[in-house]
Amino acid sequence: MYKRRSTMYDFLIVGCGFAGAVLAERLAEEGNKVLIVDKRDHIGGNAYDYYNEDGILIHKYGPHIFHTNSEEVFRYLSRFTEWRPYEHRVLGSVDGLLVPIPINLTTINELYGKNLTSDEVTDFLASKAEKRNPILTSEDVVVNIVGKELYEKFFKGYTKKQWDLDPSELDASVTARVPTRTNKDDRYFTDSFQAMPKNGYTEMFKKMLSHQNIHIMLQTDYKDIMDLIPFRQMIYTGPIDSYFDYCYGKLPYRSIDFKFETLDQEVYQETGTINYPTSNLFTRITEFKYLTGQRNPKTTIVYEYPTAEGDPYYPIPRKQNQEIYNLYKKLSEEHPNVYFTGRLGTYKYYNMDQVVAQSLVLFRKIKNQEVYVQS
């Protein structure tokens, strides 16, 4: 039972992930009183991590690997954490081999038993490519660059498992995220800044949210308290369709069923993540000690099984879904005191650094509006 409170908050923020936490910190620093509410029993959103019973730091909602090309984002987060340098590497289980993903020179040479140079692999891929014009779907993106054979080995099955759709049904942006390289660079990301929070994401969030102007209510649905606790403006980072009671229908998401396993051995696999594009029901296995740099006689791994049910993780990028979102976005414009942001609030497949960047931009927008009103 919630009691009516007399404290007037400048902002009620719904959701305590990256979007909510960054905005809370920035607004609190400017002297605003901020209340954050979250349905879950922890801060940090999907980036939440904790030590399991064997003392291994694991990510509850699957591997979160930080990378960005934005110096502003990296410097901002550096206020709340030290960093452990980490460059993520992924192998794919293809044709009985473990080969680098994204596809690179080593991948091609190992798969085809060749010894090509960078120039030669460029010609090799060009000979395999089947030009598509226009490029509209995820299938078009891949086949246009590497052809049907490699598309089927690396992308088709993985994408079908991940999204429960054929790549020909998905927007081009999905596979455009994974480049093809003609050198031996086997890093999954090539961003300028690649690192993991030295003491974990949860510790970083704790520092971010430690300001005296920030109050947090966990295990709380904002609908239960918004008529009891006075506030001036809302920042909403939950699903936008939920806010409007699904009046235009539900926006579809993909979720993940995570299966954790702790093994009585120091190391389980060759690298942080191994993808399984064509075999098994799971998409990948990640071993957390690669990410965290921990030393422990045991190791914890996680299997990821994509599913249609569960927490909304991945907005599904299809034209018809974007059209539904556009209806909600237009409706949101009739609510000038509510800001919709984050992956769920804007129905966009953002990385963590993109959410931070979006939040910093929104903060400046809010600040400028306040200055304008006061002047």
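Where in the chain is the place of T81? In this predicted model, in which local features need pLDDT of at least 70, side-chain atom pairs count only at pLDDT 80 or more, and totals for chains, interfaces and linings use all residues, T81 is placed in the loop between α2 (71-77) and β6. Residues are numbered from 1 along each chain as its sequence is written, and side-chain values use heavy atoms, with hydrogens and water left out. Helices (H or I, at least four residues) and strands (E, at least two) are DSSP runs numbered from the N terminus.

T81 is buried, with a relative accessible area of 10%, where buried means under 20% relative accessible area, exposed over 50%, and partly exposed in between (1.4 Å probe, protein chains only). Leaving aside neighbours within four places in sequence, T81 is in contact (heavy atoms within 4.5 Å) with P197, K198 and M204.

The strand β6 belongs to an open sheet of 3 strands, in the order β5-β9-β6, with antiparallel pairing; two strands are taken to pair if DSSP finds at least two bridges between them. Because β5 (67-68) and β6 (83-85) stand at the edges with a single partner strand each, one side of each is left without a neighbour in the sheet. Strand β5 is joined by 2 bridges to β9 (residues 193-197), the two running antiparallel, and H67 has Q194 in β9 as its bridge partner.

Parallel pairing is found elsewhere, between β1 (residues 9-14) and β11 (residues 231-236), over 5 bridges, with Y9 opposite F231. Strand β11 also pairs in the parallel sense with β17 (residues 338-340), over 3 bridges, and here Y236 stands opposite F340.

Strand β17 also contributes to the second largest pocket, along with α11 (319-332) and α13 (352-374), these being the elements that give two or more residues to its lining. A pocket is here an open set of points, on a 1 Å grid over the protein atoms alone, where a 1.4 Å probe fits, with protein on both sides within 12 Å along at least five of seven lines, and lining residues have an atom within 4 Å of a point. The volume of this second largest pocket is about 400 Å³, and of the 19 residues that line it, K329, S332, Y339, F340 and K365 are the closest to its centre. The largest share of the lining, 4 residues, comes from α13.

A search of the whole structure finds 24 salt bridges, each defined as a side-chain nitrogen of Lys or Arg within 4 Å of a carboxyl oxygen of Asp or Glu. In one of these, D10 pairs with R232, with the closest N and O atoms 2.6 Å apart; since D10 lies in β1 and R232 in β11, the pair ties together parts that are 222 residues apart in sequence. D10 counts as buried, at 16% relative accessibility.

A further salt bridge joins the side chains of D221 and K39 (3.9 Å, N to O), linking the loop between β10 (214-217) and α8 (222-225) with the loop between β2 (34-37) and β3 (49-51), 182 residues apart. D221 is partly exposed at 22% relative accessibility, whereas K39 is exposed at 62%. The side chains of K298 and D54 likewise meet in a salt bridge (3.2 Å, N to O); K298 is partly exposed, with a relative accessible area of 28%, and D54 counts as partly exposed at 26%. Finally, salt bridges that share partners join E87, R89, D185, D186 and R187 into one network.

Conventions: Points joined across faces, edges and corners; volume = space filled by probe spheres on them.
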